[in-house]
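Visitor: I have just opened this one and would like someone to walk me through it. Could we start with the open spaces and then move on to the rings?

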Amino acid sequence: MDCYIVDFHAAELGVGAEVALEDSVMRKGLPAKAGSKILEGFIAPFDATVVTRLLDSKYNIAGRIGMNEFGLPSLISAGTNDIYDAVKAVSAGVVSYALCNDVFGVYRRRAAEEGICYLHPTYGTVSRYGLVPMACSMDQIGVACKNPDDCFGLLSVIAGNDPKDGTMYPEKSYVYSKTGKELRIGVPAAVLNQADEGTKESIRRFAAGFTSTDMELKYFDVYKQVLYILTCAEASSNLTRYDGIKFGYRASNYKNLNELYTRTRTEALGVEAKLAAIMGFMVLSQENYIPYYEKAMKIRRLIKESLRFGEYDIIVLPTKISDDSYENLSLFALAPLAGLPSLSFSFKGCGIQLVADAKNENALLTAWEGVKNEI
């Protein structure tokens with residue numbers, strides 16, 4: 001249990017299902033470090049909205065769980081240092097659920113590999129109030145659990161408008177249920193061809209259970225670049241608040257304010273956070289703003305406009321096309337860039353990811369219900 005849970009609060013356990021919180025989800029009176037030394041000593045002043053809703057619905061909060069620093073993937077080490085304790089804790093049966101923020105696909109990929117599932121909701125349906133931010137336009141709390149049916153059940157508890165989060169849809173609650181509509185599955189052949197033979201066969205067998213159609217994911221070859229540019233830009237802005245003065249870690253033996261800033265960030269930020277900050281400041285600089293940041297924002301809009309959900313209900317993707325973590329970012333970029341829901345799980349021994357139109361989680365649930373007896 002200790003290898004997965006950072007802090008386990010036995011006094012809070014009751015008869016209900018246990019939920020672990022990623023270290024970025026605030027629980028009043030407890031540390032919320034978001035996996036970073038720079039938040040050492042920070043104690044959450046309030047509960048995140050998702051925590052309040054869980055407790056109101058009689059769920060038990062098991063404790064905090066480890067994560068990559070601010071959710072940034074270990075691209076430099078090809079993903080070998082990624083922390084996915086949330087997935088391991090659910091897979092091992094330590095907890096029933098884990099709430100996480102998965103912009104880069106670390107949990108979506110690992111969940112499928114570990115034989116569980118990860119549900120990434122539509123952006124703006126689950127409150128981010130009380131979530132330590134990384135990339136605000138893409139941050140979204142999702143659910144890891146063993147069974148997608150249970151994921152949607154928990155999602156119905158935590159989803160719904162929160163006036164404390166100004167980016168939310170107006171619906172106060174959501175009902176997730178199987179639809180009677182026959183689903184059409186969009187299969188992007190150019191993407192599928194980059195996967196290994198086992199994954200190709202799994203996706204073909206999945207699509208065979210529905211009406212399937214060939215489709216193109218325009219701009220797929222630049223998904224990862226757009227995602228990385230925009231997340232670094234937003235992360236660099238968010239990281240500026242960690243200066244050693246207001247809260248968190250503070251360096252010692254400094255001579256002036258600039259040295260305090262420099263020493264604090266040098267000592268307390270990891271290599272991926274430093275790289276994201278440097279990249280973010282670079283693309284937001286005067287000379288690079290238009291060719292990098294503005295261009296990435298324009299392509300983000302084009303990506304969203306290129307989707308044709310009137311021709312298909314769900315897009316099916318692999319969860320791995322390479323051993324290189326950076327190359328795999330393309331597979332997980334669509335959901336956060338376009339604010340779409342996705343569900344990843346293992347089918348016929350290989351990881352697949354389903355992506356639906358905004359607020360159409362019911363299509364994901366319907367697809368799962370159609371194939372769950374074949375897994």
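## Pockets, cavities and rings

Guide: In this predicted model, the largest pocket has 15 residues in its lining, and those nearest its centre are Met26, Leu131, Val132, Pro133 and Arg241.

Visitor: How much space lies in the largest pocket?

Guide: The largest pocket holds about 210 Å³ of space, and its lining divides by class into 10 nonpolar, 1 polar and 4 charged residues.

Visitor: And what is the volume of the second largest pocket?

Guide: Its volume is about 150 Å³, and the residues that line the second largest pocket are Tyr123, Ser137, Tyr169, Arg300, Lys304, Pro336, Leu337, Ala338, Gly339 and Ala358.

Visitor: Which elements give two or more residues to the lining of that second largest pocket?

Guide: Those elements are helix H10, which covers 289-306, and H11, with H11 giving the largest share of the lining at 3 residues. By class, the lining of the second largest pocket comes to 6 nonpolar, 2 polar and 2 charged residues.

Visitor: Which element gives the most to the lining of the largest cavity?

Guide: That is H11, with 4 residues, although helix H3 (106-113) also supplies at least two residues of the lining of the largest cavity. Sorted by class, this lining has 5 nonpolar, 4 polar and 3 charged residues.

Visitor: What lines the second largest cavity?

Guide: The lining of the second largest cavity is made up of Glu22, Met67, Asn68, Gly71, Ile83, Asn101, Asp102, Val103, Phe104, Val106 and Tyr107, around a space of about 70 Å³. These lining residues fall into 6 nonpolar, 3 polar and 2 charged.

Visitor: Changing topic to the rings, how many aromatic pairs are there?

Guide: The count comes to 15 aromatic pairs. One of them joins Phe206 and Phe210, whose ring centres are 5.3 Å apart with 45 degrees between the planes, an arrangement that is described as tilted.

Visitor: Is Phe206 buried or exposed?

Guide: Phe206 is buried, since its relative accessible area is 0%, and Phe210 is buried as well, with a relative accessible area of 17%.

Visitor: Why is the pair of Tyr228 and Tyr326 called edge-to-face?

Guide: The planes of Tyr228 and Tyr326 stand at 85 degrees, so the pair counts as edge-to-face, and the ring centres are 6.3 Å apart; the cut-off for that label is an angle over 60 degrees. This pair links distant parts of the chain, with Tyr228 in helix H7 (residues 223-239) and Tyr326 in helix H11 (residues 325-338), 98 residues apart.

Visitor: And how accessible are those two, Tyr228 and Tyr326?

Guide: Tyr228 counts as buried at 11% relative accessibility, whereas Tyr326 is partly exposed, with a relative accessible area of 26%.

Visitor: Which residues form an aromatic cluster?

Guide: One aromatic cluster is formed by Phe42, Phe70, Tyr242 and Phe247.

Visitor: What lies over the face of Tyr84, and what sits over the ring of Tyr261?

Guide: Over the face of Tyr84 lies Lys88, at 5.1 Å from the ring centre, while the ring of Tyr261 has the charged end of Arg265 over it, 5.5 Å from its centre.

Visitor: Last topic, then: where does Ser127 lie?

Guide: Ser127 is found in the loop between strand E5 (117-120) and strand E6 (141-145), and Ser127 is buried, with a relative accessible area of 0%.

Visitor: What is Ser127 in contact with, leaving aside its neighbours within four places in sequence?

Guide: With those neighbours left aside, Ser127 is in contact with Thr49, Val50, Ile141, Asp162, Asp165 and Met168. The C-alpha atoms of Ser127 and Pro163 are separated by 8.8 Å, with the two residues 36 apart along the chain.

Conventions
Residues are numbered from 1 along each chain as its sequence is written. This is a predicted model: local features need pLDDT of at least 70, side-chain atom pairs count only at pLDDT 80 or more; totals for chains, interfaces and linings use all residues. Side-chain values use heavy atoms; hydrogens and water are left out. Rings of Phe, Tyr and Trp (its six-membered ring) pair if their centres lie within 6.5 Å; planes under 30 degrees apart count as stacked, over 60 as edge-to-face and the rest as tilted. Buried means under 20% relative accessible area, exposed over 50%, partly exposed in between (1.4 Å probe, protein chains only). A charge sits over a ring if NZ of Lys or CZ of Arg is within 6 Å of the ring centre and within 35 degrees of the ring normal. Ala, Val, Leu, Ile, Met, Phe, Trp, Tyr, Cys and Pro count as nonpolar, Asp, Glu, Lys and Arg as charged, and the others, Gly among them, as polar. On a 1 Å grid over the protein atoms alone, a cavity is a set of points where a 1.4 Å probe fits but cannot get out, and a pocket is an open set with protein on both sides within 12 Å along at least five of seven lines; lining residues have an atom within 4 Å of a point. Grid points are joined across faces, edges and corners, and a volume is the space filled by probe spheres set on the points. Contact means heavy atoms within 4.5 Å.
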